Amino acid sequence: MRTSGCTRPAAAAVTDVGRQRKHNEDHVLVRPELGLFVVADGMGGHNAGNVASALAATSLDNFFEATQTGDLPGPAPDEVGLDPEARRIVAGIRKANHDVHVISNTFSQHQGMGSTVVAAYVAQDHIHIGHVGDSRCYRIRDGSIEQLTKDHSLINDALALKPDLTPEELARLPKNIITRALGMKDAVKVDIRTEPVQPGDFFLLCSDGLSGMINDEQILDVFEFTREPQEACELLIAMANEAGGTDNISALIIRIDDQNEEPAPEHKAPTYQLDELGMLVPASAGAADREAPAEIDEEEDGSLEAEDIPSAPPTPGQEREDTHRAPWGSPPSSLAQYADRPPASAGRYVAVSNRADATPSSRDSSRRRKPVEVRVARCVNCGYELFIGNNFCVECGAPIKL
């Protein structure tokens with residue numbers, strides 16, 4: 001069940017803590033050799049949200065490694081009739097849900113944790129997209145964009161029950177409340193969608209820290225400017241931060257290439273270093289090939305974890321090497337302010353691959369998310385809006401006593 005056929009995926013992913021959060025609880029996974037791509041958005045505070053999302057991604061990774069021969073568990077009742085490749089992504093997400101649920105109920109410090117997930121499996125000439133929660137998948141094709149997933153949110157559930165709700169009625173509903181997530185129960189319903197792919201397609205997987213900050217037109221502007229997944233991820237992250245960066249931000253982009261064409265040269269993100277004044281400046285030619293120090297994160301998936309590099313804006317008039325610009329022209333005016341910007345600050349990691357044998361590097365993290373009840377309350381310590389049923393505030397970590 002390895003990826004094969006007439007197409008080949010090239011992918012990159014970036015996740016960033018944003019401007020208002022203290023911890024990154026998003027996690028991204030790029031495994032082109034398995035055809036697997038994942039964005040998970042954790043909830044439950046910095047001691048648990050990052051654990052939930054990293055566990056969800058690692059569980060999916062392990063499941064796909066173990067089922068490369070095509071052997072799958074027997075289908076659940078709602079999986080009967082699904083294509084075997086679609087069944088594989090559904091079964092993998094259900095396994096991830098079980099793993100998160102078990103850990104959540106085993107260790108008191110992780111009680112109540114959960115995660116959204118959107119996972120794409122590129123197999124032959126189709127992409128299979130499974131998701132739980134409000135992390136999304138978009139398709140960009142021939143200058144148009146389409147959202148392929150539907151948020152599992154209180155507002156969408158209310159509209160499904162009563163499509164004629166007025167804008168005023170919708171405005172009274174709590175915002176950003178999800179009604180489905182991994183880890184909340186031992187069983188979860190996974191939405192699955194299968195679409196044919198063609199060379200030139202892009203698929204964007206993202207957490208709501210991105211989709212909640214920029215609109216479809218802004219996303220399209222990025223893909224009109226560049227076809228490089230890494231560069232597009234960097235621009236999307238910068239735009240979401242510029243719009244406020246109120247949450248952790250993750251972007252994972254899959255580009256579908258023709259298997260018969262020569263692979264494009266692997267794109268490298270701009271390299272920066274600190275100067276004698278502590279400012280972040282482009283690396284010199286001699287230093288450009290140096291990588292950031294790394295350490296093995298044995299608690300998660302054994303991937304390399306790059307240490308945080310503090311970010312600072314350029315000084316007035318400072319020259320910056322343009323390693324980030326698409327070769328065929330200047331960016332649209334809506335992107336001009338982002339095109340020459342250094343990477344964002346701490347709590348950030350990148351996973352990138354344009355080759356079938358590449359191994360992604362990732363950085364520990366995940367993201368805040370409210371638990372899955374409709375009832376809400378406020379933390380008496382910081383005033384943050386919470387779900388009833390969580391044991392600690394997802395914002396400040398204070399214990400909740402009900």
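Two strands pair if DSSP finds at least two bridges between them, and helices (H or I, at least four residues) and strands (E, at least two) are DSSP runs numbered from the N terminus. This is a predicted model, in which local features need pLDDT of at least 70 and side-chain atom pairs count only at pLDDT 80 or more, while totals for chains, interfaces and linings use all residues. Residues are numbered from 1 along each chain as its sequence is written, and side-chain values use heavy atoms, with hydrogens and water left out.

Select strand S5 (residues 126-132) together with S8: 6 bridges join these antiparallel strands, and His131 stands opposite Asp191 in S8.

Next, select Arg139, which lies in strand S6. At 10% relative accessibility, Arg139 counts as buried (under 20% relative accessible area, with exposed over 50% and partly exposed in between; 1.4 Å probe, protein chains only). Its side chain makes a polar contact with the side chain of Glu195 at 3.2 Å (a pair of N or O atoms within 3.5 Å, where within protein one must be able to donate a hydrogen and the other to accept it, and residues adjacent in sequence count only if both atoms are side-chain atoms).

Finally, move to helix H6 (residues 216-225), whose buried residues are Ile219, Leu220, Asp221, Val222, Phe223 and Phe225. At the start of H6, a side-chain oxygen of Asn215 reaches to within 3.2 Å of the backbone nitrogen of Glu217.
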